[in-house]
Amino acid sequence: MPDRKVGAALVVGGGIAGMQAALDLAESGIKVYLVDKSPVIGGAMAQLDKTFPTNDCAMCTLAPRMVDCGRHINIEKLTYSEVIGIQGTPGRFQAQIRKKARSIDPDKCTGCEECTQNCLVRYKVYPPAEVTEPELSPEDRLKVEDIINLHRGKEAPLIGVLQDINDEFRYLPAPILRYVSRDLNIPLAHILKVCTFYSLFSLKPRGKHLITVCQGTTCFVRGVERIMEELEKALGIKPGEVTEDGKFSLETVRCIGCCALAPCIRIDQDVHAKVRPARVRDVLTRY
Ligand code: FES
């Protein structure tokens with residue numbers, strides 16, 4: 001019976017819309033083939049920091065759906081694949097899908113990235129560590145060596161090393177990162193990936209006190225913008241800048257984790273809750 005519909009669906013594109021469509025179909029008992037041409041689902045939204053107009057964290061919207069799609073018994077993900085032809089009629093058709101070679105077994109992949117880190121082809125072209133000796137003053141070298149030795153031999157020393165360097169120098173100077181790359185035999189590109197992922201780290205010098213203004217949804221709704229304006233006026237700088245005397249840096253963050261006390265700002269380790277614009281200058285004088 002050529003017209004009989006079959007209980008399977010094809011969703012092309014594993015972005016936020018594709019994932020939601022796949023989940024809705026799968027929840028209603030339909031087998032779904034979710035095709036995406038990139039190696040992972042997530043689409044362009046994975047590259048966004050926040051979404052308009054609510055200022056919500058894009059990853060917080062995306063991640064639960066990615067996990068659900070990965071786990072749902074009715075969804076078969078066909079990533080790194082493309083639809084190259086469709087035959088039939090709506091409700092009963094056959095799709096021809098080309099899967100690109102991955103050179104790994106996707107059923108066994110846990111996403112640990114070890115294959116990437118040890119890829120012989122890649123590191124033949126890009127050496128794993130800096131070849132030239134980075135220029136460091138003898139004092140800086142001593143400090144960095146001490147920090148590295150403190151973490152050497154630990155299972156994943158990089159984050160600890162970067163944290164200590166960031167605390168010591170108030171940022172991560174480029175020659176020191178090259179030194180770490182060389183010493184720990186970790187590609188500089190990987191180190192930079194880590195440094196730019198965490199807001200804790202900075203590649204530019206920071207002031208003595210770091211002021212972090214929460215830009216999360218709750219703080220935004222409760223008027224954090226006016227607090228930011230007051231800070232900018234009081235300090236004479238914009239977010240991402242340092243005051244002339246090197247005393248304060250002004251930065252933004254998505255959420256400090258005290259949404260019930262919004263609007264919040266953090267200065268170094270102190271969280272200032274329910275801040276009112278008129279109190280901003282008082283808060284600053286404490287530092
Ligand atoms: S949104 Fe500001 S602390 Fe959570």
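The dialogue below goes through several features of this predicted model.

User: Which conventions apply to the numbering and to the values?

Analyst: Residues are numbered from 1 along each chain as its sequence is written, and side-chain values use heavy atoms, with hydrogens and water left out. The model is predicted, and local features need pLDDT of at least 70, side-chain atom pairs count only at pLDDT 80 or more, and totals for chains, interfaces and linings use all residues.

User: How many bridges join S2 and S5, and which residue is the bridge partner of Val35?

Analyst: Strand S2 (residues 31-36) pairs with S5 in the parallel sense over 5 bridges. The partner of Val35 in S5 is Leu78.

User: Is strand S9 largely buried or exposed?

Analyst: Buried means under 20% relative accessible area, exposed over 50%, and partly exposed in between (1.4 Å probe, protein chains only). In strand S9 (residues 248-253), 5 of the 6 residues are buried, so the strand is largely enclosed by the rest of the structure. Strand S8 (residues 209-214) runs parallel to S9 and is joined to S9 by 6 bridges. Within this pairing, Cys214 stands opposite Val253.

User: Which backbone angles deserve attention?

Analyst: One is omega: the peptide bond from Ala262 to Pro263 is cis, with omega near 0 degrees. Pro263 is found in the loop between S9 and strand S10 (265-267). Another is phi: Arg170 has a positive value of about 65 degrees although it is not a glycine. Arg170 lies in the loop between helix H6 (157-169) and helix H7 (174-184), and is partly exposed at a relative accessible area of 37%. Asn185 is also a residue other than glycine with a positive phi, near 60 degrees; its place is the loop between H7 and helix H8 (188-197).

User: What surrounds Tyr179?

Analyst: Contact means heavy atoms within 4.5 Å. Leaving aside neighbours within four places in sequence, Tyr179 is in contact with Pro134, Leu136, Arg141, Val144, Glu145 and Ile148. Tyr179 belongs to helix H7 and is buried, with a relative accessible area of 8%. Asp270, by contrast, lies 91 residues from Tyr179 in sequence and 32 Å away in space, C-alpha to C-alpha.

User: How many salt bridges are there, and which parts do they tie together?

Analyst: A salt bridge is a side-chain nitrogen of Lys or Arg within 4 Å of a carboxyl oxygen of Asp or Glu. By this rule the count comes to 8 salt bridges. One of them joins Asp49 and Arg254, whose closest N and O atoms are 2.4 Å apart. Asp49 lies in the loop between S2 and strand S3 (50-51) and Arg254 in the loop between S9 and S10, so the pair ties together parts that are 205 residues apart in sequence. Asp49 is partly exposed at 38%, and Arg254 is partly exposed at 40%.

User: Which helices does the pair of Lys143 and Glu168 involve?

Analyst: Lys143 forms a salt bridge with Glu168, the closest N and O atoms being 3.6 Å apart. Lys143 lies in helix H5 (residues 138-151) and Glu168 in helix H6, so this pair ties together parts 25 residues apart in sequence. Lys143, at 34% relative accessibility, is partly exposed; Glu168 is partly exposed at 42%.

User: Where do Lys233 and Glu230 lie?

Analyst: Both lie in helix H10 (residues 224-235), 3 residues apart, about one turn of the helix.

Definitions and conventions: Helix = DSSP H or I, 4+ residues; strand = E, 2+ residues; numbered from the N terminus. Pairing = 2+ DSSP bridges.
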